Amino acid sequence: MAAEETALVRPVRFNLLGPLDVQAGDVSLALGGTRQRAVLGALLLAPGRVVPVDTLIEAVWPEGGPSTARTQISICVAGLRRIFKSGTGLDDLIATVRPGYVLRSREHRIDAVEFEKQVQQARAALRGGQAAEACLRFREGLRLWRGSVLDGLTGPLFEQEATRLQELRMNAVEEHAALLLLVGDNQRVVGELTGVLRDNPLREQARAHLMLAQYRLGRRAEALAVYREGRRILVEELGIEPGPPLRQLHDLVLRDAPELAVAPTAPSTAAAPATTAAGAPAATSVPAQLPAPVAAFTGRRQELAALDLLLHQRPARPPLTIAAISGVSGVGKSTLAVHWAHHVAERFPDGQLFVDLCGFDERHEPLSPASVLDRFLRALGVPGPSIPAEPSDRAALFRSVLSARRMLIVLDNASSADQVRPLLPGAGGSCVVITGRDLADDLIGDYRVVPIRLKAMSPEEASALLAKVVGADRIDAEPAAAARLGTLCDRLPLALRIAGARLANRAHWSVQGMVSRLEDQRTRLDELSPQTGGVRAGFRLTYRGLSPRAQQMYRRLGLLAVPHFSPWVGAALLDTDPAEAELLIDQLVEADLLEVDSATGPAHGPRYRFQDLLRLFARERAGADESEEQREAALDRVFDAWLGLAGHAYRYFNGRDSTPVHARYRLRLPRSMQDRMLHDPLEWLESERTAATDTVRQAAGTGRATHAWQLTRLCSPLWEARGQLDVWAKCAGLSLAAVRLAGDGLGEGMMLSSLGALAVHRNDYTEAEVRLPAAVRRLEECAEVGGRSTAQRLLAGCARLRGDLAAAREHCRASVEGFREIGDLAGEAASLACLARIELDCGDVEQSVELSHSAIGLSRKAGTVRCEAQSTYRLAAALLRQGDLEQAATALREVQALTEAYRDPGGLAHALYGLGQIDWRRGRLPDSRRRLEQALAIAQRTGDRLLQARIEAHLGCVAALAGDDGALHRLHSARGTFRALHADAWLRRVDALMDYLLGRGPGRPVDREELERRTVR
């Protein structure tokens, strides 16, 4: 059955270049009434793209549809689907895609699309000097026309497309005729253009081609008659005379000018001979149009070397090699191009062409390719009357004139690839350098492109440029200030030259004085933008060239106080989805308003950054183009998005029941993207570490104390796991100051607790016992049970280290009850693990084992791997106390696996520490030393001094058992740390251990069981 259905499927051909027709194989399908034909016609005008139902209604009822229009459109589509299913075997040619329908053309053919493709191929062949191939492509494309486009369908939608295609057809006809004239096929020109002019009598270029072909065939009188007929029509219908090119050609025919007589040649794949539009040989001239180079040019060695490669990559055959220099405004694109062009000018004996295309110019509109071609052709010696009127003919003539020359062409300040394409040679030994805003992507494929993306200068280059402008003696006298000046100018050559010129003209100014003027962000752009020009003018032109949505993205990104950011931040600023945000950010990168800072991997994607001057301009535009309410709302969304993502990361890390805060704004982030970003919360926060810190600082400094402390609270467990205690301290300190200023009691209690926890991790128990009681009081006043319970658990740890086990037990039990009251399973599990440790210190090993098992169960129920690892470690400690080394080792290996899985270096250090203890108790001294030294290295990296001292104590035991004299040194080092940390319980145990080693008689071996009894547990 499947084979029979496949056999019914026929290739489909859609014909628009005439009456609408659809052919399946050799059969023309009956398409039904006018409405169905109009619907199909509208879909064919946008193959592969969704056509909204409203557009289809407009196509069927140009003056407005009835109330049932949407239903009738559905009926038409259903009818077309039945026709296609019956006639072609295909039932998916038209698909429903909100908010309309799409025609899936796929491998099926649409004559209008094929026509445009043939014309493009013809022009590409012509650029490459393949005249015969170009003629063939033009003929194949023009052969597809059967009449007027979509003949029989009316309305603005169809008429507009018909006009466009008809204009493209006429251009192709004239380009084809010009090519035939160049290769001498005059008879074909007469045959094709006679009918064309009958239907399109106002086409002066076609009329000129016909006259020239007739003249060359010896039909001079007919050529003059064609002119007279054209003049009559123009005068009668439009009241105007023929244009100068046609009148000049008429004069040449009247005079039998010898330049019109060119011997016919057969079509060839070689480049067409250099001729004028009238067929006359082009005159020769050696232009030298390069502007003067900048005197202060310096550096750019790598870029100059890349340009030098062009001298060795100029094949006589296509594709043409060109250099495309891009970069932000003021980075020195034009300066580099002109400097290099002067350096190599002598290698191009036929001259140099230069044009400022005014692609980004406040005073002038971008130059049209036609006007530039006119200028270039005149510079190359082509007489004005011989320059064709049609832009495509001018481009063809330009390529022909250059085909036998070696010229250097500099196209400066281009706005787009479309602006420069007609100005490029087809082949030959010429060299082209283009400057503009990221044109390489649009040119690669058609040409051999050497992309050169200019970045800011190096610090050394910036200082060298300043020395050339200001004077080496002044720059050398203040090297630090000169380096800072370069930084404040973003090391952009334009900004450096402006700052340097101001210094050069003011001998009484110091370099440091100029630096001081630029340090003020509010006036820096003013200082570097004299007389409405300078840096700001270039930025403004680029900004104006953006779409409104991209402009909005750019200026709102300027509101951020972070060094770099991810695309999701842009999504929050615009309240859009990440896909659109990334698209807009890519546009800003292409416009050189943003830079790609780094790629953090496929899960997290690229990060982006501003240059400082561009950030200041973005902030300036935000102040001018957005209301205060809009700016504040955008920032609120960003801070809320931070809370939302950090909250998800917190849950991924701490367990599904640990959700301490909720953001008002929810980022439109697909769940799959969120999972990719946050599947490793530690890695995500590492990629965002600097941005997170600066976001807390900005929130704290802009009256958003709640955002500051909540973000700090969410991120602190991840900073703790990574040992990033300085980041934690900075954010908690900023947040505490902000909440106190705002009178936020809850926030104050939370940050006091956070700073207390930080003090515990830094082994600063004196500081912790100041912060934590204050936190408990504040949180009790705010009825914040969860936060209070966390602080009480931390206080329990401090009391335990002091040796006050009764107080420790009291704090910890209160913590367990608090978490149990609010149903926080993860919090309860952590407090039970802490209580298990205290009970072990009290000597109740069985109670410790029971509590540890309870904590492990709750951790798994809450989904918090970290707490499970900590609780399992508590179980291992109790098993060690029982002497069950095998079960303890099993538990510790599980801790090692868990901590490696979620990348908790502190937890991994504890696991290795425990396994190292077991090894020496089993007599495996080399294994014990290896594990303990690994644990010590990690503890040193994370800054856990208490754990370092405990590991040192056990390394002392290993050394003692091995008969190493360094045992006492290890123990003495550990003792000093315990004393400094006021860890009295640990201090007493190390003292007992040292007393044993010092008190045993000479030559007596160390008793392992005695060490086990006295060792730190």
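Visitor: Which helix supplies the largest share of the negative patch?

Guide: This is a predicted model, and on its surface Asp418, Asp441, Asp442, Glu582, Asp586 and Glu590 gather in a patch of negative charge. Two helices, α17 (440-443) and α27 (578-590), each supply at least two residues of that patch. The largest share, 3 residues, comes from α27.

Visitor: Is Glu582 buried or partly exposed?

Guide: Glu582 is one of the residues that gather in the negative patch, and its place is in helix α27. Buried would require under 20% relative accessible area, and exposed over 50%. The relative accessibility of Glu582 is 31%, so this residue counts as partly exposed.

Visitor: In which loop is the place of Asp575, a residue with a positive phi?

Guide: Asp575 is not a glycine, yet its phi is positive, at about 55 degrees. Asp575 is partly exposed, with a relative accessible area of 34%. Its place is in the loop between α26 (567-574) and α27.

Visitor: Asp592 also has a positive phi; is this residue buried or exposed?

Guide: Phi of Asp592 is near 60 degrees, although the residue is other than glycine. Asp592 is placed in the loop between α27 and β13 (595-599). Its relative accessibility is 8%, and under 20% is the range for buried. Asp592 therefore counts as buried.

Visitor: How many residues apart in sequence are the parts tied together by Glu116 and Arg164?

Guide: Glu116 forms a salt bridge with Arg164, and their closest N and O atoms are 2.7 Å apart. Glu116 lies in helix α5 (residues 111-127) and Arg164 in helix α7 (residues 156-183), so the pair ties together parts of the chain that are 48 residues apart in sequence.

Visitor: Are Glu116 and Arg164 buried or partly exposed?

Guide: The relative accessible area of Glu116 is 23%, and that of Arg164 is 37%. Buried would need a value under 20%, and exposed one over 50%. Glu116 is therefore partly exposed, and Arg164 is likewise partly exposed.

Visitor: Which helix holds Arg517, the salt-bridge partner of Glu527?

Guide: The closest N and O atoms of Glu527 and Arg517 are 3.4 Å apart. Glu527 counts as buried at 13% relative accessibility, whereas Arg517 is partly exposed at 33%. Glu527 lies in helix α23 (residues 524-527), and Arg517 lies in helix α22 (residues 511-519).

Visitor: Which residues are linked in a network of salt bridges?

Guide: The count for the structure comes to 54 salt bridges. A network of salt bridges links Arg740, Glu748, Arg778 and Glu781.

Visitor: How many disulfides does a search of the whole structure find?

Guide: A disulfide needs two cysteine sulfur atoms within 2.5 Å. The sulfur of Cys867 is 11 Å from the closest cysteine sulfur, in Cys834, which is too far for a bond. Cys867 is buried, with a relative accessible area of 5%. The search of the whole structure finds 0 disulfides.

Visitor: Is the peptide bond from Arg98 to Pro99 cis or trans?

Guide: Pro99 lies in the loop between β5 (94-97) and β6 (100-103). Omega for the bond from Arg98 to Pro99 is near 10 degrees, and the bond is cis.

How values were computed:
Residues are numbered from 1 along each chain as its sequence is written. This is a predicted model: local features need pLDDT of at least 70, side-chain atom pairs count only at pLDDT 80 or more; totals for chains, interfaces and linings use all residues. Side-chain values use heavy atoms; hydrogens and water are left out. Patches are made of residues with over 30% relative accessible area and no salt bridge: like charges are joined within 9 Å, nonpolar side chains (Val, Leu, Ile, Met, Phe, Trp, Tyr) within 5 Å. Accessible areas come from the Shrake-Rupley method with a 1.4 Å probe; for residues, only the protein chains shown count as cover. A salt bridge is a side-chain nitrogen of Lys or Arg within 4 Å of a carboxyl oxygen of Asp or Glu. Lys and Arg count as positive and Asp and Glu as negative; His and the chain ends are not counted. The place of a charge is taken as NZ of Lys, CZ of Arg, CG of Asp or CD of Glu. Helices (H or I, at least four residues) and strands (E, at least two) are DSSP runs, numbered from the N terminus. Buried means under 20% relative accessible area, exposed over 50%, partly exposed in between (1.4 Å probe, protein chains only).
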